[in-house]
Amino acid sequence: MSAAMEFRRALAHEWIKFRSVRSTVWTTAATAVLPVPGAVFVAATGSLQPDDTVLGGGLTFTVPALILAAVVGALVICGEYGSGTIRTTFAAVPRRGTVLAAKATLVAALLYALSLPAATAAYLTADALLDGDHAQGDPLPALLGVAAAFSVAGLLGLAVGTLIRHAAGSVATVIALLLLPSLLGPLFGEAERWIAGMSPTAALEKLIQSSDASVDAVGSLGAWPSLTLVTGYTVLALSAGTASLRRRDV
C-alpha cells in the first residue's frame, strides 16, 4: 500500500473514532458554541471597555474556547491510550508517524472549519447588539487568524497528549501552557512582555484586538508574527511527539 493510500485510510479511521467518542464530540461542540453566547453576554451586561473594539468584545469568549480546542487535541490521542485501542490503531496502520499525521490533519481541519463560522457569528452578533460608541476593529483577516489559532491550539494539545499519554496530565499541562505565561509574566519584571507574549492566548488576544493585549502585557510582537511563533514551537512539539511515538512501546 502506498503512503498516500495509507494516510487516507488512517484519516478515515480517525474520523470514525472521533465521532464515536462522546468526550471529544461534546468538547468540540462546546468549543464551537461558546463564542456566540459570549458576545450576547458582553452586550447584555454592557461590560465592553471604552477602549475595546466590537471585534474584541464580541470574541471575548474565544479565549476559554481556545482552551477547549487544546483539550480536544489532547483527548484525541489520550483516549486511545486510556482505553487500550491504540494497539488496534497501530496494528491497522503500522507507521505510527502516519497515524499522528492523520490525527493532526483531522484536529486542525475540524477546529478551523468550526471556529471560523463561530468567531464570525460572534462578531456579527456583537455588531448587531452593541451601540455605535465603540470602534469596529478589523475583522479581516483577523477572523482567519483566530480560526488558525484554534487549529494550532488543538495541535499543541495533540503534541502534549502524545508525549504524556495520560488524559488528566495532558489536559492539565496544555491548560498550563496556555494560561501560565500570562499569569506568571508579571513576576519577571521587564521580561513580562516576552514571557506573556509567548502563549497561544496572547496571540489570540492580539488577533481579536483586545484592549488586554497591551504592549506591556504581551510584548510588541504583532498578531501574525506572534501566531507564527506559537505555530513554530507547536510544530517542534509535534516533531518531539512523533519521535516519542516511534521509540516508545504502547
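**Entry 1: a charged network**

I looked up E14 and K103 and found both buried (under 20% relative accessible area; exposed is over 50%, partly exposed in between, with a 1.4 Å probe and protein chains only). The model is predicted: local features need pLDDT of at least 70, side-chain atom pairs count only at pLDDT 80 or more, and totals for chains, interfaces and linings use all residues. Residues are numbered from 1 along each chain as its sequence is written, and side-chain values use heavy atoms, with hydrogens and water left out.

I then checked the pair's side chains. E14 and K103 meet in a salt bridge, 2.8 Å from N to O (a side-chain nitrogen of Lys or Arg within 4 Å of a carboxyl oxygen of Asp or Glu). E14 lies in helix 1 and K103 in helix 7 (residues 96-129), so this pair ties together parts 89 residues apart in sequence. I took helices as DSSP runs (H or I, at least four residues; strands are E, at least two), numbered from the N terminus.

The side chain of E80 meets K103 in a salt bridge of 2.3 Å, N to O. E80 sits in helix 5 and K103 in helix 7, so the bridge links parts 23 residues apart in sequence. E80 is buried at 6% relative accessible area. K103 is buried at 0%. Through shared partners, salt bridges join E14, K17, E80 and K103 into one network.

Next I followed K17. Its side chain meets E14 in a salt bridge of 2.8 Å, N to O. Both residues lie in helix 1 (residues 3-20), 3 residues apart, about one turn of the helix. K17 is partly exposed at 23% relative accessibility, while E14 is buried at 4%. I noted 5 salt bridges in the structure.

**Entry 2: helix 5**

Helix 5 (residues 62-83) has 22 residues, which should span 32 Å at 1.5 Å a residue; its end C-alpha atoms are 31 Å apart, which agrees. The expected span is 1.5 Å times one less than the number of residues. A kink of about 35 degrees is centred on L75. I read a bend as the angle between axes fitted to the seven residues ending at a residue and the seven starting there. Of the 22 residues, 17 are buried, so helix 5 is largely enclosed by the rest of the structure. G84 follows helix 5, with a positive phi near 85 degrees.

**Entry 3: helix 9**

Where does helix 9 kink? I found a kink of about 40 degrees at L178, shortly before the proline P181. Helix 9 has 18 residues and reaches 25 Å from first C-alpha to last, close to the expected 26 Å. Its buried residues are S170, V174, L178 and P181.

L184 lies in helix 9 (residues 167-184) and is partly exposed at 36%.

I checked G56, in helix 4 (residues 54-58). G56 is buried at 3% relative accessibility. Its C-alpha is 7.8 Å from that of E205, 149 residues away along the chain. Beyond neighbours within four places in sequence, G56 is in contact with I208 and Q209 (heavy atoms within 4.5 Å).

Last, I looked at T242, in helix 13 (residues 223-247). T242 is buried at 19%.
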